Structure formats: structure tokens, C-alpha cells
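Keep the viewer open as you read.

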Amino acid sequence: MKKNLFTSFLMLAFMFLAQGMYAQTVNGTVTSEDGPLPGATVVVQGTSAGTTTDFDGNFSIQAGADDVLVVSFVGFASQEVAVAGQDQITVTLVADNELEEVVITGYGSQRQKEVTSAVVKVEAQEFNQGAISAPEQLLQGKVAGLQIYNKGGDPNSAAVIRLRGISTVGANQQPLIVIDGVIGASLDLVDPNDIESFNVLKDGSAAAIYGSRGSSGVIIVTTKEGKKGETAFNYSGQVNIAQKVNSVDIMSPSEFVAAGGTNLGQQTIWLDEITRSAVTRIHNLSASGGNDKSTYRVSTNIRNVEGILKNTGFDQFNTRLNYSSLLFNDKLRVDFNTSFTKKNQMNGFPQALRYAVMANPTMPIYGVDSPYQFNSDQFGGYFESLGLFDSFNPVSMVEQNKNEGSGIQFNYGLDFSFSLTESLDINGRIAEQSARYSNTIYYPTTSHFNGNATSPLRKGLAEFFDAQFSSELYEIYGDLNQSFGNTDLNITAGYSYQQQNFKSKFLSLGDFPDNSLDFSDAIEYSQDLLNSGLVGAGSDASPDEKIIAFFGRANLTIDDAIFINASLRQEGSTKLGEDNRWGLFPSVGLGVDLNNYLNLSNVDLFKVRVGYGVTGSLPGPNGLSQPGRGLAYDGGQGGAGTFLTRAANPDLKWEEKAETNFGVEYVGGKLSATVDVYTRNIKDFILDRVVDVAEFGVDRRFENAGELKTTGFEAAINYDIVDSADFKYNMGINFSTYKTTLEDYVLEAEMRGPLGAPGQNSTLMIRNAVGEEIGQIWGPRYEGVSGGNPVFADINGDGQVIANQDAALSEDVDMEVLGNGTPDFEMGWSNVITFGDWTINAFFRGAFGHSLINTFRAFYEPRLSTQTSYNFVNTELAVPELTSARFSSLYVEKADFVKLDNLSISRRVDVSNISFIDALNVQLTAQNPIIITNYTGTDPEPNLVDRGTSDNGQIARGSDVLAPGIDRRYNYFNTRTFTLGVNIKF
């Protein structure tokens, strides 16, 4: 033993002396295309001699003339550089080849080439630019199969997000959000400026590790972390201006009067009176740094966002801290992140846009301009057309009434990873999230819109809503990594516990004394408090919503070319019946890099893969498996009782989705491409069904029933058209299409989606039938006009036309499919050009094959003699001879569109003469500068969810995924935005 040690010592001493004899000092700099790389590692190949670069990327090392330096940095491809007698070396590292790129797959990560499921990573340099007010806007159009639509430009409205179409008819219709490992986190917790990357898990085999909440897909958000080196500061600021685009074509005051409209003597362009050029200001300041043991990043974000509708927008403050540290000889890694968000919203009244379209263009804004005697003081000085159904002064709506909200959100996550051995790690996570939102709506006594200003009693109304949400997450799992020759094995197994709680309360009361002050701040003056039965109040609280899971996954790599992945998650939920609380969600995937065996020239990867996975979906409300009860009052005598409204179902179980995905990935030279084909079957929807009273004692019960089938195709292609030192042009295209059919349902066919008032509440426009594609727009085919009435086609040729709603589902009805609310296919087309200090990014997006029901036209385009006090919609499709309103194909329009969604031009400014600035970038961005469409409405984008009708001032609150394609009159108008931004690194 002593002899061996002595021999080893002599060998080391000889190597040291030899190096000293022939070594020289080599100085150098390590950079990337973005500038110096502090903290890069420089090692003399074959030795332990090494160093790291300083804050400016500089290094100094002893090396022999014939030595080779190995230079590496996380996220970049390592380089080997021969010293060759040089004493000054500059090394420029490039980003890792996408084959070695690491993607987050849930409870771990894999190299891109090892992934056997449909997973797409989108990094910061690929994000949409410009006026980004919500994180999901960064992704819009970037991932094939991911639909992100915010109908119009309401800054306070959440976008509808769909991954590969509809995945359930109940709750959890949107993808699961995971932020820095925290399941079910809210996107409101993270500012867009703090996001490093998105990983989108599209298919069942990728999402199955998340069990019940992965049915609609998973979006994993990774926030920016600190980097070791001296503290670096970064400031980014934006100012943008937004204006409405594609307004509804209506008559001018003179055209309206010529068409027989009631002339009140004024010329009012109502939309101009309630909209504005909206200005938004965004500021972000961050600081990051650290050393070999600890890194940190802290950021602060301030957003002041205006909507184009007056008195809409929000002010938001957000701050975030990410901290990482290595302890116990680098065996323990601790990651701590926390964020706080405070948001004040001016929700306003988007319905005002609808009333601005339909309002009489000769009506005055203020009562003083009335053509007849009018008590304007009763209405706060505004004019109102009294006696009309569903008619309100839009300026009064916007200026007199109040709809404001405020929210606070806080979360923290603590992750640890301890290396027990070189091959075994133990990981843990503790996370909590809390949110509170309150909303106040106030209609003064002078408001005709919901303020009851025309009544001698109960004038004015105040409504208050308050909600609180909390979530706790505790997880522990182990990672085992083993290698056996050319085989690598990774096994992950763990336990997850999550509990969520929700509670809310509501209060409404009115009958205020006058309009001398805002009585939402002085509700004690409400006369409703003195009269029984007039105050509205309600509250609810969820039980502890618990989800407990055991999960495991194995990843096997053979010969760096054959990849096998399998996972299993067993999950239990308190929301389901006692007999079916636990579900089992397996997945398996296989991938083979054929190029490893075919050795194709100029090809880096030619992988085929197939994956299969089962995921589940939970109901939204609690207690659906339990009996439902209603409250019965005894006529105001001070007592009350309950009665059964819904039967219990202890067998209520998970909705289930099984998905098979086949994909091909190719990377070679300048070209990379991915193609996916998938089939998914979703069954056992949780539906409120009519049941036998004799058996259950009541006629309602929640049961599992129904089945959907979706087949789809996706493709993404990326090509470096030019890739030279002084000019680069990269183009990327993604394409997706899918079709969803109703395989089984509680009815053979049904009609949904009422048109609404006035006069067409019973007109249902969306048909769903077993064996057919969902979301069919159904109605009579318009052929002409006779005597002011529409003429419909005799579709079945039986000599008579039956087109009434009562017979809409009968075999002899003369109705047909008029269109479908979901697109046949969607595409995104990116173009990035870089030359010198300039970068131009042009991103186009389009959707094709979908139709929209233009409800503005259906109500206000016919020249009804009874509607001469409302303006007429006057599109190029109008039929002036039509004097009665009945829904038909006349109001169903193809809504294909192509948009230049985002155009940005940025320039890197030379700051070499400014000592305190390391980098400066200036950017100009335009959003929606070009929209090509034949749709006559305000926005051709698909309407994937119907919120229902909104008539006579009421607010729609529905969410019907089986009634797509209805362009409602309350949808916010689309916007065109121009942004000037600056980014400074200190």
C-alpha cells in the first residue's frame, strides 16, 4: 500500500515539474454572441489545472505550448482550443446544439433527443415581443397545436388556452400550469419579463406523470435564475399606444335618417366617445449575481395598462426572488423562490361597446341637447332614450358607473436536492400559494343602466364580491441514475400531497338617498337595510380539496439511440365518489434515432417515436358525488328547511383521456423538422343527468357518460436560409389541424347557444350529434327575400320549408350545417433576420376553415320598422329589403384570417464609450399592423367558448365549450399596438 502511494506521489511530482518546465501564461477572453461570459470554465485538457473567467470574461492560466484548453459554460457547447504557442486567445462559445438541449418533462429533465413524447421548448429569444401584458401572450402562435385566443383586446380578460382542442366538457379545460415545479400555479404570479422558457407537454405520454390534471396538457414555466459573477443590473422599459381596429360597419347619422331612423337632431359617433388611444407603460428592473456556492436574482415589475375602452385597464406591481445555494460540500442544493403581485383593475363595462354600435347616431350625449323636454338631472346630466328595450347611453355607462377590482397574490417554493451517492439524489419541495380578489360594482341613483334611475323606489345599486384561494404542496421523490456499458437508466419515484381551499362572499344592496357621493363606500345609508328581503347576500367555502399521489418513472437509453420511457401515477381526490376516488394513469414511450444506424450524411438526428398515455380530469365543484340540497323558506316566519335536489353517486369517477402519439424528428444542417400524428379518446364526462325519480327519489344526479374522439396532425419546420458571419435569416413554420367528433352522449343530438334578445332567445344555433364533429353551426340556408321576409331553401326537397326551432332536430327539418366554430387548421410563420447590430423579427399567424356567427348583423342589419331607434349595421353583406330578423346562413361568415401578428425591429447600440453601461438595445414593435380577412365583424379569431347571452344590461358568465363559433355582441374590440422599448445592462 505504502509503495503504491509513494509511486503515485512520484508520478504527480514528475507531472508537476514537467508542466512547470514547459508551461507558459496564457491570457484570454470567453464570449458569446451576447457579450462576455463570466464564470466560464477553462481547463487544461487531461489535467486538473483550471480557472474560471472573471466578470468581463477574462482568464489567465498556465499551459504548455502543445496543450489544449477545454472551455465550457452551462447552456453552451464546449470548445477545445489548441494553445499552439499563443499567449492571447479569444474563444466564442455558441449555444448548445438542440440535440443536447435540456427540456423539462416534469419531476426532472431529459436531453431533447431522449424525449419520446410531444414536448416543445420555447425560449426567451423566441417569445413574442411588444405590448405583452400576460405570460401566455409570449407563446401565442409559437407551438403547433397550442391555441391561445383573447377575443378582442380587453386587458382584464384572460385568454382561452387550448392544447389540441377540447379535452373535457367540464372543468379543467385549460392546460395545467407548473411554475418552477409548483403544480397548479397561477400565471398571474409571474411577470412576462421574468420567464426564461416554456416547456409544453402536448401528448398523454408526457402529461401522464401529472395524472388527473394533465388531461388538457401541461405548460411548464421556468423563471430566470441568477448567474455567478458580480452583481449585474438590467432595466427594460416600454411605452405603447393601442387603438381599436375593425369596427362594426354601421350607418352614419345621415344614412340612418335616410333609412327611416328616428332623428333626434345630433350627430354622434358613439364609438369615438367611449374609446381612446390607450397608453401603456412597463418598467422592469432586475439584479443578479453570485459566486461558486450561491446565486440570486431579484426583480421588480411595474405595469400601467390602459384599455381602448375608457375606464378600463390595470396597475400591477410584481416582485420576485430566486435564490440558489450549494451546501455540505456541494451535496445539498437549495432553491428558494418567492413572488408577490398586487393588481388594481378597472374592469369597466365592455357592454358599452355593444351599445355604442346599436345606439341611435342622432341621439345626444347630454340631456341639455335633447330635442324635447327632458329631465337630465334624473340621469346625471345624460340623455336616455326611455321606453326602449335594451337601450342605454354608452357614455353614461362608462362615466357614471364603477366596476373595479383588486387582487393580491403571494407564493413561495422551497426545493432541495441532496446527493446521497453519485447515482442517487433525494429531492423535496414545499410550496404555498395564496390569492385574494375583491370586486366592487356601483350604479348610482342617476344611472339608467342597472341603477334603476327611472323608478321612484330603490334607486342605485352596490355589489361586492370577495374571494380567497390557498394552496399547499408537499412533494418528495428520488432520482437514481445508473450506467451499464452503453445503457443508461434513470428511475424517479415519489409522493405528492396538495390541498386547496376556496371561499367567497357576495353582498348587494341599493336604494341610496341621492348621488351626492359614492355610496359603495357608505352602504350604511342603503334603505334596503330597513326592508326585509331586499339585501342580497351569499357565501361559500370549499372543504379541503386534497389530491394525494404516488408516482414513478423510468427512462432507459441504449446506445445513445434507443430511448424507452414509462411512468405510472396513482392519484386520489376528495372530489370523487367514495368508491372511485383513486385513479391509475400509465404512460409508455419508445424512440429510436435511426441515424445512429443509417449514418445518413449531413444528418444529426432522424428519430421516430411513439407514445401512449392515460390522463384524467376532475370536476370543478366539490360534492358532486354527494346529495344536493336546496333551502326552503316557510313564508317568512323565521324558519327554514332543506329538500333533496340531487341524488348521491358514490361511484362517480374520473374523466379519462387515452392518447396515442406518433412523431418524427429530423435535424440536419440548416433544417430541423418535427411531425406529430395523434389520436385521443376522452370518456366518462361528469354530467348532470336526468334520472328515474322512482329509483333515486329525485330526477337529477351527476353521472359519468359520453365520449369524444380527436384526431390531429402537427408539423413544425425551422430553416436557416442564410447563416453567414454578417447576415442571418432564419424561418420557422408551424401547422396544426384536428377534428373532434362526439362518439357517445346522453342524447343523440342537441341544440345549444341561444342567439338572445330581443326576440330570439329561443333560437339555438349550435348542434352536436353523436357520430359528428362538435360545434356545428346549424340553421336554414338563406336564398333570398320576399315581402321583407327571408326565403329559406327546401333542403330535403319535399315541397315545403320547415325551419322553425321546435323542429330543429327532426328528420324533415330544412336546416343544415352552415359552418363550424373551430378552425380546420392553424399556422404560425416566423422570420428572423440579423445583420450587424440590427434584428428584424416578423411573425405571421393565421386560422382557416372556421366560421363565426355575426350576432351584430343578425340583430341590427335587418331594417325592422320596430327598431328605428337603434342604428343599423351596414356591412357589404346587408340586404336592405330584409325587414324581419330570423337567423340563417346569411349571418354565418367564413372567418379565415392571416395577421402580421408581431413585427419588431431592434438595434444593439454601441456603448463602448459609456463606462457604466454594458449593453443597450432599442426596439420598435407593431402588433396587428396587418390583418387580412373577409370577416365583417370586429375580430376574426375563433371563439372557442361561449359565455352565453348578455341582454338588457346583464353580464354573461357562462362557459360552454360545446358551443363555439358565436361572436357575441359584448366581445371587446381588437387593437393595433405600437411599442417603443429599451433594454439596458449595467
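Which residues do ring pairs link into a cluster? They are F349, Y355, F392, Y443 and F449. Please keep in mind throughout that this is a predicted model.

## Aromatic rings

A search of the whole structure turns up 31 aromatic pairs. Take Y107 and Y477: their ring centres are 5.5 Å apart and their planes stand at 80°, so this pair is edge-to-face. Y107 sits in the loop between β9 (102-104) and β10 (109-111), while Y477 belongs to strand β25 (residues 461-484), so the pair ties together parts that are 370 residues apart in sequence. Y107 is buried, with a relative accessible area of 7%, and Y477 is buried too, at 10%.

Rings also meet charges here. The charged end of K142 sits over the ring of F843, 4.1 Å from its centre. In a second example, the charged end of K343 is placed over the ring of F314, 4.3 Å from the ring centre.

## A buried arginine

You will find R680 in strand β35 (residues 671-690). Is R680 buried or exposed? With 0% relative accessibility, R680 counts as buried, because the cut-off for that label is under 20%.

What does the side chain of R680 reach at 3.4 Å? The answer is the backbone oxygen of L163. A polar atom of the R680 side chain also lies 2.7 Å from the backbone oxygen of R164. Leaving aside neighbours within four places in sequence, R680 is in contact with a list of residues that includes G165, I166, S215, A658, L708, K709 and T710.

## Salt bridges

Side chains of opposite charge can pair when their charged atoms come close. How many salt bridges does the structure hold? There are 47 salt bridges. One of them joins the side chains of R333 and D335, at 3.0 Å from N to O. R333 is partly exposed, with a relative accessible area of 34%, whereas D335 is buried at 18%.

K653 forms another salt bridge, with D684, where the closest N and O atoms are 3.5 Å apart. K653 lies in the loop between β33 (640-646) and β34 (655-668) and D684 lies in strand β35, so this pair ties together parts that are 31 residues apart in sequence. K653 counts as partly exposed at 33% relative accessibility, and D684 is buried, with a relative accessible area of 16%. R752 and E750 make a salt bridge as well, their closest N and O atoms being 2.3 Å apart; E750 is buried at 11%. Salt bridges that share partners join R164, K202, K657, E659, R680 and E714 into one network.

## A five-stranded sheet

Now turn to an open sheet of five strands, which run in the order β11-β16-β17-β14-β15 with mixed pairing. At the edges stand β11 (119-123) and β15, each with a single partner strand, so one side of each is left without a neighbour in the sheet.

Inside this sheet, β14 pairs with strand β17 (residues 218-223) in the parallel sense, over four bridges. If you want a place to start, L176 stands opposite V218 in β17.

## Backbone details in the loops

Several loops have backbone features to look for. D180, in the loop between β14 (176-179) and β15 (182-183), has a phi near 50°, a positive value in a residue other than glycine. D180 is buried, with a relative accessible area of 16%. N329 also has a positive phi, of about 60°, although it is not a glycine. N329 lies in the loop between β21 (313-327) and β22 (332-346) and is exposed, with a relative accessible area of 74%.

Which peptide bond is cis, with omega near 10°? The bond from A757 to P758 is. P758 falls in the loop between β38 (749-756) and β39 (760-769).

## A contact across the sequence

Last, look at Q88 in strand β8 (residues 88-92). Q88 and V26 are 62 residues apart in sequence, yet their C-alpha atoms are 5.9 Å apart in space. Leaving aside neighbours within four places in sequence, Q88 is in contact with N27 and G28. Q88 is partly exposed, with a relative accessible area of 46%.

Conventions. Residues are numbered from 1 along each chain as its sequence is written. This is a predicted model: local features need pLDDT of at least 70, side-chain atom pairs count only at pLDDT 80 or more; totals for chains, interfaces and linings use all residues. Side-chain values use heavy atoms; hydrogens and water are left out. Helices (H or I, at least four residues) and strands (E, at least two) are DSSP runs, numbered from the N terminus. Buried means under 20% relative accessible area, exposed over 50%, partly exposed in between (1.4 Å probe, protein chains only). Contact means heavy atoms within 4.5 Å. Two strands pair if DSSP finds at least two bridges between them. A polar contact is a pair of N or O atoms within 3.5 Å; within protein, one must be able to donate a hydrogen and the other to accept it, and residues adjacent in sequence count only if both atoms are side-chain atoms. Rings of Phe, Tyr and Trp (its six-membered ring) pair if their centres lie within 6.5 Å; planes under 30 degrees apart count as stacked, over 60 as edge-to-face and the rest as tilted. A charge sits over a ring if NZ of Lys or CZ of Arg is within 6 Å of the ring centre and within 35 degrees of the ring normal. A salt bridge is a side-chain nitrogen of Lys or Arg within 4 Å of a carboxyl oxygen of Asp or Glu.
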